[in-house]
Amino acid sequence: MPVTMLMYHVIAAPKNAAEARFCRTPDAFRKDLEQIRQADYQVLPFSSVLEGTAGKVELPDKAVTITFDDGIACAYENALPILQEFDYPASVFVVTSQIDNYNDWGEAFGFPRRRMLTTSEIRTLDESGVDIGSHTANHLWLGKTEEAIVSKEVQDSKATLEDILGKEVPHFAYPFGSWSPIARDAVIAAGYTGACSTISGKNQKDSDPYLLRRSEIKGSDSPWQFRMKLRFATNDMPPISDARRILRQVLNKWKK
Ligand SMILES: [Zn+2]
C-alpha cells in the first residue's frame, strides 16, 4: 500500500482524433509494462487491492493494478499477449449489451466503430487469468440515471457475465466514472465486492472499496508522464513546459 490503479481503454492506434486520448498503442503499452518492471512495482490483481483496503493483507509499498474499461476486442487481440509476456494480471470491465457486437455507444462522441469482445474471447480472457468485471449493460451515466434503471444496469450486466463464465463476477467500474450515492448503493446491493471510479489518487487501507481510485493513462502520455502517474497516481500531469519552469526555479535557487 498504497496502490496505483491504472485505467486503459483501447490498446491500438487511434482511428481518428476523437478517440486518440483513449488509445494506447501496443508499443506504448509494452513500454508501460517495461517501466513497471524496471521500477520494481508488483502488479496486483483487483482482488488483492480489495484485501488490502479491507486490512486483510499487508500490500507491498510499490504496487500497481492494470484495468481496461469497455471490453473492446483489443483487450483480447492486443493487450492479452503483452500481459502474458510479462505474466501480469489485469481486469477488463465489459459493457455487456454490446458483447459480440460493436461499441455503438461511442458514436455520440465521434468514436469510430470498434469490435467488442465476443463471448468466447471473454471466456478465453478469464481462462488466461484476466479478471472480468462489469461496466454496466449500456454504458450509462449512472450518477444521472434514475434508481430503478441503475439497479437494472448493474444487476443485468453481472448476471450476463456470470452466465458466460459460470462463476461469480464481483467487480465493477462506473462508466464515465459517473456515480452517485444511489449508484454506489445499487452496486453494493447487486452483490459486487468492489468498484472502480475515475477519481485520481492512490488506494490504501480503509479506502472506499466501492470508489477505488484510478489514474487514466492517455494515448499521448510520454514515458516520463507514465512514470509520474505510476508514482503519484494523478490523472493529469503538468505539461512539459510547467516541469521546465519548476526546474528553472529550483536551479535559480541553487545559484543564489
Ligand atoms: Zn467506459
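Me: Leaving aside its neighbours within four places in sequence, with which residues is Arg21 in contact?
Reply: This is a predicted model, in which local features need pLDDT of at least 70 and side-chain atom pairs count only at pLDDT 80 or more, while totals for chains, interfaces and linings use all residues. Residues are numbered from 1 along each chain as its sequence is written, and side-chain values use heavy atoms, with hydrogens and water left out. Contact means heavy atoms within 4.5 Å, and on that basis the partners of Arg21, apart from those sequence neighbours, are Glu216, Ile217, Lys218 and Gly219.

Me: Is Arg21 buried, partly exposed or exposed?
Reply: Arg21 sits in the loop between β2 (10-11) and β3, where helices (H or I, at least four residues) and strands (E, at least two) are DSSP runs numbered from the N terminus. A residue is buried under 20% relative accessible area, exposed over 50% and partly exposed in between, with a 1.4 Å probe and protein chains only. Since its relative accessible area is 42%, Arg21 counts as partly exposed.

Me: Which residues coordinate the zinc ion?
Reply: Donors are N, O and S atoms within 2.8 Å of the metal (3.2 Å for Na, K and Ca), and water is not among the atoms, so sites may look incomplete. The donors here lie at 2.1 to 2.2 Å, and their spacing in sequence is D-x64-H-x3-H.

Me: How many residues apart are Asp70 and His135?
Reply: Asp70 belongs to strand β5 (residues 63-70), while His135 is in the loop between β7 (131-134) and α5 (147-165), and the pair links distant parts of the chain. Both Asp70 and His135 are buried.

Me: Why is β1 described as largely enclosed, and how many of its residues are buried?
Reply: Both faces of β1 are covered, with Val3, Met5 and Met7 buried on one side and Thr4, Leu6 and Tyr8 buried on the other. In a regular strand the side chains alternate between the two faces of the sheet. Strand β1 is largely enclosed by the rest of the structure because the number of its residues that are buried is six of the six.

Me: Which residue in β5 stands opposite Tyr8?
Reply: Two strands pair if DSSP finds at least two bridges between them, and six bridges join β1 to β5, which run parallel. Strand β1 also runs parallel to β10, joined by two bridges, and there Leu6 stands opposite Ser215. On the β5 side, the residue opposite Tyr8 is Phe68.

Me: What is the phi of Ala233?
Reply: Most residues other than glycine have a negative phi, and most peptide bonds are trans. Ala233 lies in the loop between α7 and α8 (240-255), and at 1% relative accessibility it counts as buried. Its phi is a positive value in a residue other than glycine, near 55°.

Me: What radius of gyration does the protein chain have?
Reply: The chain contains eight helices and 10 strands, and buried residues make up 50% of its 256 residues. The radius of gyration is taken over C-alpha atoms, and the globule rule is 2.2 Å times the number of residues to the power 0.38. A compact globule with 256 residues would have a value near 18 Å, so the chain agrees with the rule, having a radius of gyration of 18 Å.
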